[in-house]
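Subject: The structure for you to look at

Hello,

Here is the structure I promised to pass on. Please open it alongside this note, and the notes below will walk you through what turned up.

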Amino acid sequence: MADTPSIWDRPEPPERRAPSPLSRERIVRAAVTLADAEGLESVSLRKVAGELDAGPMRLYRYIGTKDELLDLMVDAVYAEIPPPAGSGWRDVARSYAHGIRDAGLRHEWLADLLDGRPRFGPAAVTHSEATLAALRAAGLREIDTIMNTVSALSTYLRGVVRTEVGERRAERASGLDERAWQHAMAPHLLAMFATGDYPMMSEAMHDAEHRDATERFELGLGFLLDGIEKHLQG
């Protein structure tokens, strides 16, 4: 039996004018808007159909499964990300990192879809091609070096975006921002530290510099780029 073509390789049905016009673009735009407002768990073909005032079965003419819809949604986000740019490879890497992080914070549900195998929609492939080409033009010549750099950045970004989105979700669920949560936890932690069993944790709480999310992102990215640069020089 022949393999089923991917969503990217199947032609889209002709648009119907009545009772309401549909297209993959409209369906995906509605799904992204729904996920932005209510989270990824709210997205189903039935609910998206309701947002478009269309019967669910009509959507199946355009998209076969929810997994295909998620693929299209991720690709729509990649279409928003500007191609990385910069005069040196570190500038390009920073541009790439900021683009992915900004997209992940605009669309928090993206954090739930960053793991696993890469997605090869047209916008994602275009963004990847632009990233690899920009890194080569900025001075990284070997393809293995370029790919290893992107892999390290991607791994860092998955962790950062998940952490930041997780903090936002916790804040909404608890009603406490990071500072208020820390204040609420302080009596418990101070009682533990008073035993003398946790000197390093106590020092960290009292003496370490406490940075906001953007500062932590920049610091960690700098550490990563410094490590890559040291490897390149070795």
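**Thr131 and its surroundings**

Leaving aside its neighbours within four places in sequence, Thr131 is in contact with Pro84, Tyr96 and Val150, where contact means heavy atoms within 4.5 Å. Before going further, a word on the source: this is a predicted model, in which local features need pLDDT of at least 70 and side-chain atom pairs count only at pLDDT 80 or more, while totals for chains, interfaces and linings use all residues. Residues are numbered from 1 along each chain as its sequence is written, and side-chain values use heavy atoms, with hydrogens and water left out.

Thr131 sits in helix H6, residues 122-137. Helices here are DSSP runs of H or I with at least four residues, numbered from the N terminus. Thr131 has a relative accessible area of 3%, so it counts as buried; the cut-offs are under 20% for buried, over 50% for exposed and partly exposed in between, using a 1.4 Å probe and protein chains only. Its side chain also reaches the backbone oxygen of His127, at 2.8 Å.

**How H5 meets H6**

Thr131 turns up again where two helices pack, as one of the residues that H6 brings to its contact with H5. The axes of H5 and H6 are 9 Å apart, and the packing angle is about 160 degrees. (Axes are lines fitted to C-alpha atoms, for helices over the stretch in contact, and angles run from 0 to 180 degrees between N-to-C directions.) Because of that angle, H5 is roughly antiparallel to H6, a label for angles over 145 degrees; under 35 counts as roughly parallel, 65 to 115 as roughly perpendicular and the rest as oblique.

On the H5 side, the contact is made by Trp89, Val92, Ala93, Tyr96 and Ile100, and on the H6 side by His127, Thr131, Ala134 and Leu135. These residues divide into 7 nonpolar, 2 polar and no charged. In this scheme Ala, Val, Leu, Ile, Met, Phe, Trp, Tyr, Cys and Pro are nonpolar, Asp, Glu, Lys and Arg are charged, and the others, Gly among them, are polar.

**Salt bridges**

How many salt bridges does the structure hold? There are 16, each defined as a side-chain nitrogen of Lys or Arg within 4 Å of a carboxyl oxygen of Asp or Glu. Here are some that I picked out for you.

- Arg101 and Glu164 form a salt bridge with their closest N and O atoms 2.8 Å apart. The pair links distant parts of the chain, 63 residues apart, with Arg101 in helix H5 (residues 89-106) and Glu164 in helix H7 (residues 143-174). Arg101 is buried at 6% relative accessible area, and Glu164 is buried too, at 11%.
- Asp112 and Arg169 form a salt bridge in which the closest N and O atoms are 2.9 Å apart. This pair also links distant parts of the chain: Asp112 is in the loop between H5 and H6, and Arg169 is in helix H7, 57 residues apart. Asp112 is partly exposed at 33% relative accessibility, and Arg169 is partly exposed with 33% as well.
- Glu25 and Arg29 form a salt bridge with the closest N and O atoms 3.4 Å apart. Both lie in helix H1 (residues 24-38), 4 residues apart, about one turn of the helix. Glu25 is exposed at 58%, while Arg29 is partly exposed at 45%.
- Arg90, Asp226 and Glu229 are linked in a network of salt bridges.

What else is Arg101 in contact with, leaving aside its neighbours within four places in sequence? Besides Glu164, the contacts are Leu157, Val160, Val161, Ala213, Thr214 and Phe217.

Leu114 lies in the loop between H5 and H6. With neighbours within four places in sequence set aside, Leu114 is in contact with Arg158 and Val161. Its C-alpha atom is separated by 9.3 Å from that of Gly104, 10 residues apart along the chain.

Finally, have a look at Asp53, found in the loop between helix H2 (45-51) and helix H3 (56-59). Asp53 has a positive phi of about 55 degrees although it is not a glycine. With a relative accessible area of 64%, Asp53 is exposed.

Methods
A polar contact is a pair of N or O atoms within 3.5 Å; within protein, one must be able to donate a hydrogen and the other to accept it, and residues adjacent in sequence count only if both atoms are side-chain atoms.
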